[in-house]
Amino acid sequence: MNYFNDYTNYNNRGKISSYRIDTNKVKQHLQQTNKKSTTNQQQDDNISISEEGRRALKEKLSAIEAQKIGDIKKLPSLNSGYSGIMNDFEKIMSELGGGSVSDDFVTKDYSQKSVDALKAKFEKEEGTRSDTFDSYVNKMASTYQLMKDRIEEKYASSNRQKEYYIANDGSTQELTKEKELEMLDKAYETHSQLMATSTQIWSELKDFKVHIVHHSSGKETKVPTTKNQNTGIKEQAYHAFMSAINEENSQLLKQKTGSLNHFRLNLGLSFFERNTLNGIWDYYANVK
């Protein structure tokens, strides 16, 4: 295309001395070139996919989406996480007491070997049992320490994968060491409250008596009576359970070797209070 117009001037020697450029022709040419380039680019961006390929791609995308939804549904709620830890705590306690719970450990993080090693410290004794309350406190504190150590080791590992849970407000949050320890503390406290209440009930049943009242008609009436009860039994037992997992007692349990049946932790009880609690538990432990 000739971009020079008819106004080209020549000097007296036949050479070009001046010229003008036809800007309209240049503009037209640039527009055509740009249009052609855009058309070619659009053609390059269009990818031809067969019908079979479309179906395969659609199925793949559907599978990915389903997997995402499935992962969300599998996330445990805060309450279920607490229930899982509570389940594990109760299972270990049952095994230490010679029982057996059919449910597996929820977390799958406790080897039977570690539980059996702890169980060996509470070997069964023949004859009249004593210090039964102290022995049970030791089982609770030992179980708590075993589970706490597992949580500490889990979060100290460089290979740990992130875990998530559904919070009470419905949001998805990352599970942390602090949150798991909080759930463990809650599980331990719940068990402590239950056993403290049971101790109070056993205390009342232990002192249950039947008083025979004779009437003038010759008939007899059995009237249940109880001795004056120490209304602080429940509070004393609960205080003892909670004191058993303080830092001082934690170190004592780690240092103690051999049997834990008669080992006494620092529970903040007076000599009389401790003997009273052991007396209540010993009574039912030895009832035939």
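Me: Which residues does Asp131 touch, not counting residues up to four places away in sequence?

Reply: The model is a predicted one. In it, Asp131 touches Asn261, His262, Arg264, Asn278 and Asp282, with residues up to four places away in sequence not counted. Asp131 itself lies in the loop between α4 and α5.

Me: Why does Asp131 count as buried?

Reply: Buried means under 20% relative accessible area. Asp131 has a relative accessibility of 16%, and therefore counts as buried. Its backbone also deserves a remark: Asp131 has a positive phi of about 55°, although it is not a glycine.

Me: What makes Thr128 exposed?

Reply: The term exposed requires over 50% relative accessible area. Thr128 has 69%, so it is exposed. Thr128 is also placed in the loop between α4 and α5. Its C-alpha is 9.8 Å from that of Tyr283, although the two residues are 155 apart in sequence.

Me: Why is Glu273 called partly exposed?

Reply: Partly exposed covers the range between the buried limit of under 20% and the exposed limit of over 50%. Glu273 has 23% relative accessibility, and so it counts as partly exposed. Glu273 is found in helix α9.

Me: Why are α5 and α9 described as roughly perpendicular to each other?

Reply: Roughly perpendicular applies to angles of 65 to 115 degrees. α5 and α9 pack at an angle of about 95°, with their axes 6 Å apart. They are therefore roughly perpendicular to each other. In this contact, Thr132, Phe133, Asp134 and Tyr136 of α5 meet Arg274, Leu277, Asn278, Trp281, Asp282 and Ala285 of α9. By class, there are five nonpolar, two polar and three charged residues.

Me: How do you know that α6 and α9 are roughly perpendicular to each other?

Reply: The angle between α6 and α9 is about 75°, and their axes are 10 Å apart. The range for roughly perpendicular is 65 to 115 degrees, and α6 and α9 are therefore given that description. From α6, the residues Met195, Thr199, Trp202, Ser203, Leu205 and Lys206 take part; they meet Leu277, Gly279, Ile280, Trp281, Tyr283 and Tyr284 in α9. These divide into eight nonpolar, three polar and one charged.

Me: Why are α5 and α8 called roughly perpendicular to each other?

Reply: Helix α8 spans residues 247-255, and α5 packs with it at an angle of about 90°, the axes being 11 Å apart. Since 65 to 115 degrees counts as roughly perpendicular, the term therefore applies to α5 and α8. Ala141, Ser142, Gln145 and Asp149 in α5 meet Ser250, Leu253 and Lys254 in α8. Two of the residues of this contact are nonpolar, three polar and two charged.

Me: What puts the buried residues of α8 on the same side of this helix?

Reply: The buried residues of α8 are Asn249, Ser250 and Leu253. They cover an arc of only 105° around the axis, which places them on the same side of α8. On the other side, Glu247, Lys254 and Gln255 are exposed. The cover over the buried residues of α8 includes α5 and α7.

Me: What makes a group of residues a nonpolar core, and which residues have the most contacts inside the largest one?

Reply: The residues must be buried, belong to the listed nonpolar types, and be joined through side-chain atoms within 4.5 Å. The largest such core has 44 residues, and Phe133, Phe241, Leu265 and Leu267 have the most contacts inside it. The elements that give two or more residues to this core are α3 (78-96), α4 (112-119), α5 (132-156), α6 (177-206), α7 (233-243) and α9 (271-285). Its largest share, ten residues, comes from α5. The neighbours of Leu267, not counting residues up to four places away in sequence, include Phe133, Val137, His239, Ala240 and Arg274.

Definitions and conventions
Residues numbered from 1 in each chain as written. Predicted model: local features only at pLDDT ≥ 70, side-chain atom pairs only at ≥ 80, totals over all residues. Heavy atoms only, no water. Buried < 20%, exposed > 50% of the residue type's maximum accessible area, 1.4 Å probe, protein only. Helix = DSSP H or I, 4+ residues; strand = E, 2+ residues; numbered from the N terminus. Contact = heavy atoms within 4.5 Å. Axes fitted to C-alpha atoms, helices over the stretch in contact; angles between N-to-C directions. Parallel < 35°, antiparallel > 145°, perpendicular 65-115°, else oblique. Nonpolar A, V, L, I, M, F, W, Y, C, P; charged D, E, K, R; others polar. Arc of directions from axis to C-beta.
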